[in-house]
Amino acid sequence: MDYTDECLDYFLAHQDQMFDEPVADSREEAEAFLEDCMAQVLPSLKAVRKFLDESGMDVTGMTDDEVEDQAEVFPLPDGTYLIVEG
């Protein structure tokens, strides 16, 4: 998957929401890490809900804010969502 510079920069700036220690210090490292864990960029919160549900997470009854607050969900500035399965 090709990750935009904006996506990589956002992940670098917010990786601490999911990890205690930084997993990447540069765009190149971030891209390699995201590729290794098969991170997805999804177009909408509806797609995020479907992805999480198919991955085994029960999102039924969760508000949109609760879904966005999950550690593996990174709401990107362009309105898409980066999903990182650690």
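**Tyr3 and the cores**

Leaving aside neighbours within four places in sequence, Tyr3 is in contact with Leu8, Glu31, Leu34, Glu35, Met38, Ala39, Val41 and Leu82, where contact means heavy atoms within 4.5 Å. Before I go on, this is a predicted model, in which local features need pLDDT of at least 70 and side-chain atom pairs count only at pLDDT 80 or more, while totals for chains, interfaces and linings use all residues. Residues are numbered from 1 along each chain as its sequence is written, and side-chain values use heavy atoms, with hydrogens and water left out.

Tyr3 is also one of the residues that touch the most other members of the largest nonpolar core, which has 16 residues. By nonpolar core I mean a set of buried Ala, Val, Leu, Ile, Met, Phe, Trp, Tyr and Cys residues joined through side-chain atoms within 4.5 Å. Buried is under 20% relative accessible area, exposed is over 50%, and partly exposed is in between, with a 1.4 Å probe and protein chains only. Helices α1 (5–14) and α2 (27–36) each supply at least two residues of this core, and the largest share, four residues, comes from α1. A second, separate core has eleven residues, including Leu42, Met62, Val67 and Val73.

Which residues of α2 are buried? They are Ala30, Phe33 and Leu34. These cover an arc of only 95 degrees around the axis, which puts them on the same side of α2; the arc is that of the directions from the helix axis to the C-beta atoms. They pack against α1 and β3. On the face turned away from the buried side, α2 carries the exposed residues Glu28 and Asp36. After α2 comes Met38, with a positive phi near 55 degrees.

Now α3, residues 45–54, where Leu45, Val48, Phe51 and Leu52 are buried. Seen down the axis of α3, these fall within an arc of 115 degrees, so they line one face of the helix. As background, an α-helix has 3.6 residues a turn, so residues three or four places apart point the same way. What covers the buried residues of α3 includes β1 (40–42), α4 (64–68), β2 (73–75) and β3 (81–83). Lys46, Lys50 and Glu54 are exposed on the face turned away from the buried side of α3. Just after α3, Gly56 takes a positive phi of about 105 degrees.

**Cysteines and Gln15**

How many disulfides does a search of the whole structure find? It finds zero, taking a disulfide as a pair of cysteine sulfur atoms within 2.5 Å. For Cys7, the nearest cysteine sulfur is that of Cys37, 11 Å away. Cys7 is buried at a relative accessible area of 2%, and Cys37 is buried at 14%.

Last, Gln15, in the loop between α1 and α2. Gln15 is buried, with a relative accessible area of 7%. A polar atom of its side chain lies 2.9 Å from the backbone oxygen of Ala24. Beyond neighbours within four places in sequence, Gln15 is in contact with Pro22, Val23, Ala24 and Phe74.

Key. Polar contact = N/O pair within 3.5 Å; in protein donor to acceptor, adjacent residues only side chain to side chain.
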